[in-house]
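Here is my note on the model you sent. Please read it with the structure open beside you.

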Amino acid sequence: MLQEAIQNIFVQLSASANQLSPEQYVKPCKTLFNASIGQHVRHIIELFLCLEKGCETGVVNYEKRKRDYQVETNKDLA
């Protein structure tokens with residue numbers, strides 16, 4: 001059930017990102033406190049990767065996550 005919910009999140013995230021131009025994906029947005037949609041997408045992906053790793057190790061430490069800044073600027077990579 002949890003796996004299905006997570007999969008739905010990524011389906012929606014992908015569909016939303018695919019509606020944006022590359023310029024829209026990286027443009028800072030006042031509504032998002034001057035962050036870009038790409039930055040938020042990176043955070044979402046990293047959160048779930050961190051949780052996945054935590055399920056394997058028994059420890060979730062979001063502060064020690066690997067940050068992939070290319071995901072912020074390349075929606076196809078995301």
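Predicted model: local features only at pLDDT ≥ 70, side-chain atom pairs only at ≥ 80, totals over all residues.

The points below cover cysteines, pockets and aromatic contacts.

1. **Cysteines.** How many disulfides does the structure hold? The count is 0. A disulfide is a covalent bond between the sulfur atoms of two cysteines. Take Cys50: the closest cysteine sulfur belongs to Cys55 and lies 10.0 Å away, which is too far for a bond. The cut-off for a disulfide is 2.5 Å between the sulfurs.

2. Is Cys50 buried or exposed? Its relative accessibility is 10%, so Cys50 counts as buried. The limit for buried is under 20%. Cys29 has 27% relative accessibility and therefore counts as partly exposed.

3. **Largest pocket.** The volume of the largest pocket is about 310 Å³. Its lining has 15 residues, and those closest to the centre are Cys50, Lys53, Lys64, Arg65 and Lys66. Which helix gives the most to this lining? Helix α3, residues 37-57, does, with 8 residues. By class, the lining splits into 7 charged, 5 nonpolar and 3 polar residues.

4. **Second largest pocket.** Here the volume is about 190 Å³. The lining consists of Leu2, Ile6, Phe10, Ile45, Phe48, Leu49, Leu51, Glu52 and Cys55. Two elements, α1 (2-18) and α3, each give two or more of these residues. The largest share is from α3, at 6 residues. The lining has 8 nonpolar residues, 1 charged and no polar.

5. **Aromatic pair.** The structure holds 1 aromatic pair. Phe10 and Phe48 form it, edge-to-face, at 5.3 Å centre to centre with 65° between the planes. Why edge-to-face? Planes over 60 degrees apart fall in that class. The pair links distant parts of the chain, since Phe10 is in helix α1 and Phe48 is in helix α3, 38 residues apart.

6. **Exposure of the pair.** Phe48 has 19% relative accessibility, so Phe48 counts as buried. Phe10 has a relative accessible area of 29% and is partly exposed. The line between the two classes is drawn at 20%.

7. **Charge over a ring.** Where does the charged end of Arg65 sit? It sits over the ring of Tyr62, 3.9 Å from the ring centre. Arg65 is also among the residues closest to the centre of the largest pocket.

Note on methods: Residues numbered from 1 in each chain as written. Heavy atoms only, no water. Buried < 20%, exposed > 50% of the residue type's maximum accessible area, 1.4 Å probe, protein only. 1 Å grid on protein atoms, 1.4 Å probe; cavity = no way out; pocket = protein on both sides within 12 Å on 5 of 7 lines; lining within 4 Å. Points joined across faces, edges and corners; volume = space filled by probe spheres on them. Helix = DSSP H or I, 4+ residues; strand = E, 2+ residues; numbered from the N terminus. Nonpolar A, V, L, I, M, F, W, Y, C, P; charged D, E, K, R; others polar. Phe/Tyr/Trp six-rings, centres within 6.5 Å; stacked < 30°, edge-to-face > 60°. Lys NZ or Arg CZ within 6 Å of the ring centre and 35° of its normal.
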